[in-house]
Structures are given as structure tokens and as C-alpha cells.
Amino acid sequence: MHFVLSSSLKYIPHFSIPLKIMRSKVVVNDIEKGVVRLNRPKVIKRIRPRRSNRIPNSSSLDSIYLFDGDEHLCPLIQTRISLDDDDDKNESSYALDVVKPPSVDELYDWYRKYDGRDTEADPSWADIWPTEMELISKLVESKDLSRSFIEVGAGLSFAGLILAKHFRKKVMLLDREPLSLHCALSTAKVNGVEVVSCDMFEDAQDGSVAAAVFDWSKEVTRENLYLRNRVQIIIGADVLYDPDTCRDLAFACSILGEKVILCELRRERAIGLQSKFFDECKKLGATKCKIDEEMSNEEHVFLVVEF
């Protein structure tokens, strides 16, 4: 099997399923060529469950330790994560069994040991952060949900997968880290969400997801993602952090979506970046740029842009 790893990615393998994980050997050197070759998968027995670091809105007692990690794949757990704050996670109407690294620290250690990216690795995708939870919470509360979405900087894509699983929305997941998309699509399969290739996304049934390795600082076209039309809404959380790529993100949004909803920390990581994002969007033809104060709160702001 061959899986293309580029901005036009059509398939990402998903091996994690309940009670077992399927493991494949990856020829790492071929990633630079845009192709990953996978050997015949080998079934690994379920590893004895053990307690992991506590995740917000998750039950560590329900976590299953899937895999300890090796040179080809990072450590993985499966844990139930809910939008609700109550203690009975099994009764939540908006919850997912999430496949993810045990913690940011453990993923960083794995990068240092096996991946050789100890100075460049960004292990932050290993957790679902409060901004992502706030994003999907407010989207659910608004009940103003369109049919098709893109989640940029998706990471584990908790927001996108909640939309697909519980609201039958089509969602394309975009991130520059292939392993995060591996986990996101594993989560999709664990939760019964249909996974399709990007070239089938627009014609897929509602409730389907696709994923592509994507860097908004590179050349962005709809054709690279097999999109004939712009999606109705682009969502993202904690994506405004680099002044050097702010214009690139605005350009990607203008090409890929009709409307953009970003959830960001009110206390900016780079002062003035939210205003700069609005300015860049206006230069690209945005008809509406505003902070939605009804959705925002003391800690988080929601940036809304329409093209």
C-alpha cells in the first residue's frame, strides 16, 4: 500500500481500533519523497490498561494503554473525552473515545528518542486544549451548523469529530503533523465515523471525514485538496500564534471557505495578531470581520470572517 503525504494527501492509514492496535513498519526516509510505505500490519494484543495523566473532561480510569511506542509510532492510549463537566462520562451525549498520546511530555520524549526532531518537534497536539473545547461547545450551543467544514490546525480534531459523529457534518481535517491525523482518523474509526479520501469528500455522505497533511505557509489551492468548491465553514482553535504566517492563514481561509470561525485566547500570544488577521482577510476580499462577543468570554474570543 502507498499513502501520499503531501498537501494533496488522499489517504492516511488508521490502525487503532478498540481492544487492539494494528502496527506497521514505516520507511521514514520515504516521507521526504512524499510517500510512506507500510509493511503488512501485525496485530498486537491488548496491553494491560494503566492509569495515564489526567485529561480535562476525561476519565483516566477508562483509559486503555494501547501501545508503548517504538521507532515507527508514538505511545498511544484510548480514553473517553466529553464536553460535559459531570462525572458520568458514559452518559454524555457529546463524547468520543479518543486515540492519542498519553501526554505532551511523553510525546516530546518520543520525538527526542526516535524522531530526531528534539529542537523542532511540537508535541502540543497530544492533548485537547481548553480552546478546542470552547470552540466546539459554542458551536454546539449556537445550533447554527452548516453541512461542510474544514478544521485547520486540527491536531486530534475533537471539534471536527464531534461535528461528524453527533451532528452528521462532513469535515475535512487539516494539520501539518501526520501523526496527529493518524490519531484523529483512528478516533473516527473507533467511534464509527466514516473515513473517506479527499477526492471523495465532496460527494461523500453526511457525517464523513477526510484528512490531509497541510501547511498553510505553503502553496494552497483547492485543487490540492480535491475541492471543487469552498466549504461552508472553516473552524480552528489556537491557530493565531505566528506573525510570519498570519497572512498565509488568511489566504488559505479565503481560498478554502466561505466563513471562518476561530477560537483564540483573549490574551494574545502575539500582541496585535488578531487585528492583523482581520486586516489580511479584508485585503483578500472579506466582507465581514468581527469579534463575536456573544460567543466570547473572559478567556476566549471568537473571530468571525466571511468572504
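Residues are numbered from 1 along each chain as its sequence is written, and side-chain values use heavy atoms, with hydrogens and water left out. Because the model is predicted, local features need pLDDT of at least 70 and side-chain atom pairs count only at pLDDT 80 or more, while totals for chains, interfaces and linings use all residues.

The structure holds 11 salt bridges, a salt bridge being a side-chain nitrogen of Lys or Arg within 4 Å of a carboxyl oxygen of Asp or Glu. In one of them, R80 is paired with D97, and the closest N and O atoms are 3.3 Å apart. This pair links distant parts of the chain, with R80 in strand β7 (residues 76–82) and D97 in strand β8 (residues 95–100), 17 residues apart. Helices (H or I, at least four residues) and strands (E, at least two) are DSSP runs, numbered from the N terminus. R80 counts as buried because its relative accessibility is 17%, whereas D97, at 22%, counts as partly exposed. Here buried means under 20% relative accessible area, exposed over 50%, and partly exposed in between (1.4 Å probe, protein chains only).

A salt bridge also joins the side chains of K138 and E134 (2.9 Å, N to O). These two residues are four apart in helix α2 (residues 130–142), so about one helical turn separates them. Both K138 and E134 are buried. In a further salt bridge, D206 and R147 have their closest N and O atoms 2.9 Å apart. That pair links distant parts of the chain: D206 lies in the loop between β11 (194–195) and β12, and R147 in the loop between α2 and β9, 59 residues apart. D206 is partly exposed at 29% relative accessibility, and R147 is partly exposed at 43%.

Two cavities of 30 Å³ or more are present. On a 1 Å grid over the protein atoms alone, a cavity is a set of points where a 1.4 Å probe fits but cannot get out, and lining residues have an atom within 4 Å of a point. Grid points are joined across faces, edges and corners, and a volume is the space filled by probe spheres set on the points. The largest cavity contains about 70 Å³ of space. Its lining includes D238, L240, E264, R267 and L273. The elements that give two or more residues to this lining are β14 (257–265) and α6 (273–283). By class, the lining of the largest cavity has four nonpolar, one polar and five charged residues. Ala, Val, Leu, Ile, Met, Phe, Trp, Tyr, Cys and Pro count as nonpolar, Asp, Glu, Lys and Arg as charged, and the others, Gly among them, as polar. The second largest cavity has a volume of about 30 Å³, and its lining divides into seven nonpolar, one polar and one charged residues. Among the residues that line the second largest cavity are W216, Y241, C246 and L273.

Backbone geometry was also examined. Most residues other than glycine have a negative phi. S157, although not a glycine, has a positive phi of about 55°. S157 lies in the loop between β9 (148–151) and α3 (158–167) and is buried, at 1% relative accessibility. R168 has a positive phi near 60°, lies in the loop between α3 and β10 (170–175), and is partly exposed at 47%.

Notes. On a 1 Å grid over the protein atoms alone, a cavity is a set of points where a 1.4 Å probe fits but cannot get out, and a pocket is an open set with protein on both sides within 12 Å along at least five of seven lines; lining residues have an atom within 4 Å of a point.
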